[in-house]
Amino acid sequence: MTGFALPELPPELSVVVPVKNEAENILPLLGEIHMALQGKVVFEVVYVDDGSDDATPATLDEARLIHPRLHVIRHQGSCGQSQAVATGVKHARGSLIATLDGDGQNDPADLPALLERWRAAPDSVRPGLMITGWRANRRDNEVRRLSSKIANTVRSKLLNDGSPDSGSGIKLLPRALFLDLPRFNHMHRFMAALVIRAGGSVQTVKVNHRPRERGVSKYGVWNRLWVGIVDLFGVMWLNRRASNPVVEIRD
């Protein structure tokens with residue numbers, strides 16, 4: 001009898017990971033993603049290299065030989081984390097998107113809990129539902145923890161997004177919902193407010209947060225503070241002009 005290959009199932013979940021100069025973190029994080037999701041969901045992993053100038057491109061080429069579910073996209077120059085996420089979502093094949101930061105501080109072992117929470121929601125809620133991680137025990141230095149606490153408090157009060165940790169990189173939402181959101185630089189920090197603006201809802205799951213073990217952080221307190229203030233007022237402007245019509249389809 002001649003053997004034949006079964007057709008590959010399309011992924012339900014696409015894990016999108018933006019990276020810039022994270023060569024040392026790629027293989028360990030990929031191994032953890034596969035360990036966390038294997039047997040729980042049909043998935044793919046989409047890495048977006050945002051103009052790295054270290055060994056990241058070569059490491060991703062090596063990783064593709066080890067992990068057949070891995071797809072790699074590269075920006076020729078750096079466009080920022082939000083654009084890298086948007087590029088990954090645009091090219092993803094899954095109907096669901098999970099995002100992870102590429103520095104290894106988000107724990108892929110938390111992804112199944114986010115997926116279960118989304119699946120447990122009513123059918124009518126799931127298309128507009130985002131599940132976001134809450135890093136209740138931050139593993140950063142004291143200055144970054146304090147600045148993040150202040151920023152989250154101010155943002156939550158002004159935007160009324162109900163999220164205790166909008167800066168968490170681990171999130172899960174329908175691909176169609178993400179593609180409906182307005183996109184701008186740094187928009188990944190305001191996802192909860194943008195989802196609510198679009199008529200959706202946000203639920204929070206406590207997640208693990210780990211210290212950075214390899215590589216160097218791309219963000220500091222000051223290079224996030226001023227753009228964050230400008231973006232905050234921009235999102236407030238967007239919220240005031242939101243319009244969500246009730247659509248009736250008559251065929």
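In this predicted model, the side chains of R93 and E44 come together in a salt bridge, with N and O 3.1 Å apart. A salt bridge here is a side-chain nitrogen of Lys or Arg within 4 Å of a carboxyl oxygen of Asp or Glu. R93 sits in the loop between α3 (81–91) and β4 (96–99), while E44 belongs to strand β2 (residues 43–50), so the pair ties together parts that are 49 residues apart in sequence. Helices (H or I, at least four residues) and strands (E, at least two) are DSSP runs, numbered from the N terminus. Buried means under 20% relative accessible area, exposed over 50%, and partly exposed in between (1.4 Å probe, protein chains only).

As for the ground rules, residues are numbered from 1 along each chain as its sequence is written, and side-chain values use heavy atoms, with hydrogens and water left out. Because the model is predicted, local features need pLDDT of at least 70 and side-chain atom pairs count only at pLDDT 80 or more, though totals for chains, interfaces and linings use all residues.

Altogether, the structure has seven salt bridges. Another one pairs D107 with R210, whose closest N and O atoms are 3.7 Å apart. D107 is in the loop between β4 and α4 (111–120) and R210 in the loop between β7 (201–206) and α8 (221–240), so this pair links parts that are 103 residues apart in sequence. D107 is buried at 13% relative accessibility, and R210 is buried too, at 17%. Then there is R126 with D123, where N and O are 2.4 Å apart. R126 counts as buried at 18%, but D123 is exposed at 59%. Shared partners also join E32, D107 and R210 into one salt-bridge network.

Of the 15 residues lining the largest cavity, V85, T99, G169, K171 and H188 are the closest to its centre. A cavity is a set of points on a 1 Å grid over the protein atoms alone where a 1.4 Å probe fits but cannot get out, and lining residues have an atom within 4 Å of a point. The lining comprises six nonpolar, seven polar and two charged residues. Ala, Val, Leu, Ile, Met, Phe, Trp, Tyr, Cys and Pro count as nonpolar, Asp, Glu, Lys and Arg as charged, and the others, Gly among them, as polar.

Conventions
On a 1 Å grid over the protein atoms alone, a cavity is a set of points where a 1.4 Å probe fits but cannot get out, and a pocket is an open set with protein on both sides within 12 Å along at least five of seven lines; lining residues have an atom within 4 Å of a point.
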